[in-house]
Amino acid sequence: LLDFFKQFGTDNTVDEHRHYLVTPRDVTSVVVGLLRYDLDSVNVLEALTHEAQRIFRDRLVGQDSCTRFDNQWTNMIRSEWKEKVDLTNGVFATWLHISSEEDSDASPSGVKLLGKGTLEDLKAFVEDGKVKYEREFKELNMLLFPEIV
């Protein structure tokens, strides 16, 4: 992770875009973010990938930068852990976490845990919420596509 952090900081400089400034605090944010996952039901590498995408990839501008990030991340995962991680179809949300009755549905820090689903799960959830909203208030005339969901 530290090697990736160094490479990310070298490839994406503040000269390109001001918000490309990365600090060791970003690596800490990724590691602390792992505490929000139910690691009994979620693959650790998928959770790590999701956190890295949220901390590093979300600040990138343009498809070229995102593609470069994806390639660097998959190469790092493949070389360090000999695994392949799907970067496109995973969605994590608190409402996707399934807990048993005796579980408290919260991590040791009291934060709700994240569960994994697919883009189809998310789209169905948003579509259902949209329909409920339209019944109560007014029609939204909104198309749902991946960038908006």
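**Entry 1: the whole chain**

I noted first that the model is predicted. I then looked up the secondary structure and found five helices and two strands in the protein chain. Read from the N terminus on, the elements run α-α-α-α-β-β-α.

I also looked up burial for the chain. Of the 149 residues in the protein chain, buried residues make up 34%. Next I took the contacts between residues at least 6 apart in sequence, and 56% of them join residues at least 24 apart.

**Entry 2**

Two packed helices are described by the angle between their axes and the distance between the axes. I looked up both values for each pair of helices below.

How do α3 and α4 lie relative to each other? Their axes come within 12 Å and cross at roughly 150°. An angle over 145 degrees counts as roughly antiparallel, and α3 and α4 are therefore roughly antiparallel to each other. I recorded their crossing as right-handed.

I then listed the residues that meet. From α3 they are Leu45, Leu48, Thr49, Ala52 and Gln53, and from α4 they are Phe69, Asp70, Trp73, Ile77 and Trp81. Sorted by class, the residues of this contact of α3 with α4 come out as seven nonpolar, two polar and one charged.

**Entry 3: helix α2 against helix α3**

Helix α2 covers residues 24–33, and its axis is 9 Å from that of α3, at an angle of about 140°. That angle makes α2 oblique to α3. The crossing of α2 and α3 is right-handed.

On the α2 side I found Asp26, Ser29, Val30 and Gly33, which meet Leu48, Glu51, Ala52 and Ile55 in α3. The classes in the contact of α2 with α3 are four nonpolar, two polar and two charged. I checked Leu48 and Ala52 against the previous entry: they meet residues of α2, and they are also on the list for α4.

I looked up one more residue here, Val31, which lies in helix α2. Val31 has a relative accessible area of 45%, so I wrote it down as partly exposed. The C-alpha atoms of Val31 and Glu51 are separated by 8.2 Å, and these two residues are 20 apart along the chain.

**Entry 4: aromatic rings**

How many aromatic pairs does a search of the whole structure find? The search finds ten. I followed two of them, starting with Phe4 and Phe8. Their ring centres are 6.2 Å apart and their planes are at 35°, so this pair is tilted. Phe4 and Phe8 are four residues apart in helix α1 (residues 2–11), which means that about one helical turn separates them.

Are these two residues buried or exposed? Phe4 has 1% relative accessibility and counts as buried. Phe8 is at 0% and counts as buried too.

The second pair is Phe4 with Phe56, which is edge-to-face, at 6.0 Å centre to centre with 75° between the planes. Phe4 lies in helix α1, while Phe56 lies in the loop between α3 (44–55) and α4 (63–81), so the pair ties together parts that are 52 residues apart in sequence. Phe56 has a relative accessible area of 1% and is buried.

I then looked up the cluster around these rings. Phe4, Phe8, Phe56, Phe69 and Trp73 form one aromatic cluster. Phe69 and Trp73 had already come up as α4 residues in the contact with α3.

**Entry 5: Gln72**

Gln72 lies in helix α4. Its relative accessible area is 10%, so Gln72 is buried. Leaving aside neighbours within four places in sequence, I found Gln72 in contact with Phe4, Gln7 and Asp11.

**Entry 6: positive phi values**

Lys82 is not a glycine, yet it has a positive phi of about 55°. It lies in the loop between α4 and β1 (90–93). Lys82 has a relative accessible area of 65% and is exposed.

Asn141 has a positive phi of about 50° and is not a glycine either. I located Asn141 in the segment after α5 (119–136). With a relative accessible area of 67%, Asn141 is exposed.

Terms used:
Residues are numbered from 1 along each chain as its sequence is written. This is a predicted model: local features need pLDDT of at least 70, side-chain atom pairs count only at pLDDT 80 or more; totals for chains, interfaces and linings use all residues. Side-chain values use heavy atoms; hydrogens and water are left out. Rings of Phe, Tyr and Trp (its six-membered ring) pair if their centres lie within 6.5 Å; planes under 30 degrees apart count as stacked, over 60 as edge-to-face and the rest as tilted. Buried means under 20% relative accessible area, exposed over 50%, partly exposed in between (1.4 Å probe, protein chains only). Axes are lines fitted to C-alpha atoms, for helices over the stretch in contact, and angles run from 0 to 180 degrees between N-to-C directions. Angles under 35 degrees count as roughly parallel, over 145 as roughly antiparallel, 65 to 115 as roughly perpendicular and the rest as oblique. A crossing is left-handed if the near helix is turned anticlockwise from the far one by less than a right angle, and right-handed if clockwise. Contact means heavy atoms within 4.5 Å. Ala, Val, Leu, Ile, Met, Phe, Trp, Tyr, Cys and Pro count as nonpolar, Asp, Glu, Lys and Arg as charged, and the others, Gly among them, as polar.
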